[in-house]
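Try each one yourself before you read the solution.

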Amino acid sequence: MDNIEGKGRKIAIDIVKANVFAVVIMVVSAILFLVPFFLIWKDRKIGSLPMLAWGIFFIAAAAGDIWMTWLLTKENPKSLVLDHPSEAGFYIIDEEK
């Protein structure tokens, strides 16, 4: 991991393979959906409407992650991916070209 200066603060840089990046962003989305789902399923007295709203909100929020994963399916799985530090998106580093 390297550090760069960006607008007065240090930004950590992790460069990973495209297939690893896709798995990580989908796992985060799955966790945010599955936690409320299992809480509703285990104990229906928790208040299923707030948990349902929580799950729906985070599935909607995960739409960007799902879209980025779809974009990564078109890339070489061995390409390197760098997450953009301040914008939604990523950079593809393909050393083969």
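Contact here means heavy atoms within 4.5 Å. This is a predicted model, where local features need pLDDT of at least 70, side-chain atom pairs count only at pLDDT 80 or more, and totals for chains, interfaces and linings use all residues. Residues are numbered from 1 along each chain as its sequence is written, and side-chain values use heavy atoms, with hydrogens and water left out.

**Exercise 1.** Work out how α1 and α3 pack.

Step 1: get the geometry. Helix α1 covers residues 18-42 and helix α3 residues 63-72; their axes sit 9 Å apart at an angle of about 160 degrees.

Step 2: classify it. That angle makes α1 roughly antiparallel to α3 (over 145 degrees counts as roughly antiparallel). The crossing of α1 and α3 is left-handed, meaning the near helix is turned anticlockwise from the far one by less than a right angle.

Step 3: list the contacts. A18, F21, A22, I25, M26 and S29 of α1 meet D65, I66, M68, T69 and L72 of α3. By class, that contact has eight nonpolar, two polar and one charged residues.

**Exercise 2.** Find which residues of α1 are buried.

Step 1: set the cut-off. Buried means under 20% relative accessible area, with a 1.4 Å probe and protein chains only.

Step 2: apply it. A18, F21, A22, I25, S29, P36 and I40 pass in α1.

Definitions and conventions:
Axes are lines fitted to C-alpha atoms, for helices over the stretch in contact, and angles run from 0 to 180 degrees between N-to-C directions. Helices (H or I, at least four residues) and strands (E, at least two) are DSSP runs, numbered from the N terminus. Angles under 35 degrees count as roughly parallel, over 145 as roughly antiparallel, 65 to 115 as roughly perpendicular and the rest as oblique. Ala, Val, Leu, Ile, Met, Phe, Trp, Tyr, Cys and Pro count as nonpolar, Asp, Glu, Lys and Arg as charged, and the others, Gly among them, as polar. Buried means under 20% relative accessible area, exposed over 50%, partly exposed in between (1.4 Å probe, protein chains only).
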